[in-house]
Amino acid sequence: MTLTQQHLLSLSQNEGIEDKFGRHILYNYLSFVCKPIAAESQRFALKSGELFYHCVYSLDTLKGLPIQKIKEKCTLLWFDLVEYMHDKSISTEDVEVIHAISLIVYSVERCLLLTSNTEFTYPAGILQSLIQRYDSVFANDLAAGFKRAGQLTDIQAIAEWLSAYMDSPVHLSDELDKTLDTINQSHPHSQDKPSKEDLDNTFTYTYQLTAGYSQLIDFLRTERDKNGKTADADWARHALIIYEQNPHILKNRPNTFKEWLIYFCKIFGREWKRDYEPGKLRNKTSAAEKFMPPKIVR
């Protein structure tokens, strides 16, 4: 994984899901497909825990429904995921984001087909047609990846588990949500800060349209969630890179760096402890630099 990759869940949430479900039979199956794709991605990639979460959540929305409702939900799954990405301020213009959506949709398709319920065949075909429509080449890569995953795991045991699961009243997504709730209580700012409203009020619309913007926000959330491993001075350096960017990427740039640093800490849910002289911060570079648009040379 590169530092520039963006993810749907925070570092602590991904680690929590892996700790709780890493030995689950379905988690391991999906991981064999997810990890090679992530290793080849540069800007956006799903972690195994994120794929597991979204696949299980999608399966749970289908459980117990009449076949017509299942068809309707499968028809809308792609577009629901696009909307989810937009809510996360993630641009679906990036081909790697489309690959992530394709991976989730294909995972749900494979799970449906592995069950013994033949009624799932047509809904699975709907999902396949959606993937082919948006990226037929990557769909072939996914087919090869799932074939390999089936060879490396006990595919019969996975099929038996899925058949039993889809017929049961159990919703694994409830347990996943409880796990995330526990993590959020331990890391209270991991999900709610900064809010979309905060970000919209902070960064210019022009900058928000760039790939660097979503990568920056994910990077800063990761830095914040490192349980104190990001030093206050390094956090201030990230703030300084943003503050001194030319052209400005801040919508209402404060008059002083101190004002900006206090606000920057507030919206990300990190405690502001002291003021920093910008000149003293410049003795070391910030990794946030890579997410900035090209500077204007005067």
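# Charges, helices and cores

Author: In this predicted model, the mean positions of the 35 positive and 39 negative charges of the protein lie 6 Å apart. Lys and Arg count as positive and Asp and Glu as negative, with His and the chain ends not counted; each charge is placed at NZ of Lys, CZ of Arg, CG of Asp or CD of Glu.

Reader: What do the numbering and the pLDDT limits look like?

Author: Residues are numbered from 1 along each chain as its sequence is written, and side-chain values use heavy atoms, leaving out hydrogens and water. Local features need pLDDT of at least 70 and side-chain atom pairs count only at pLDDT 80 or more, while totals for chains, interfaces and linings use all residues.

Reader: How many helices and strands are there?

Author: The protein has 14 helices and zero strands (DSSP runs, H or I of at least four residues for helices and E of at least two for strands, numbered from the N terminus).

Reader: And the largest nonpolar core, which residues have the most contacts inside it?

Author: I17, F52 and L112 do, in a core of 59 residues. A nonpolar core is a set of buried Ala, Val, Leu, Ile, Met, Phe, Trp, Tyr and Cys residues joined through side-chain atoms within 4.5 Å; buried means under 20% relative accessible area, with a 1.4 Å probe and protein chains only.

Reader: Which element gives the most to this core?

Author: α5 does, with twelve residues. Apart from this core lies another, of 29 residues, including W235 and F268.

Reader: Back to I17: what does it touch?

Author: Leaving aside residues up to four places away in sequence, I17 touches several residues, among them F52, Y53 and L180 (contact means heavy atoms within 4.5 Å).

Reader: How much of the protein is buried?

Author: Of its 298 residues, 49% count as buried.

How values were computed. Buried means under 20% relative accessible area, exposed over 50%, partly exposed in between (1.4 Å probe, protein chains only).
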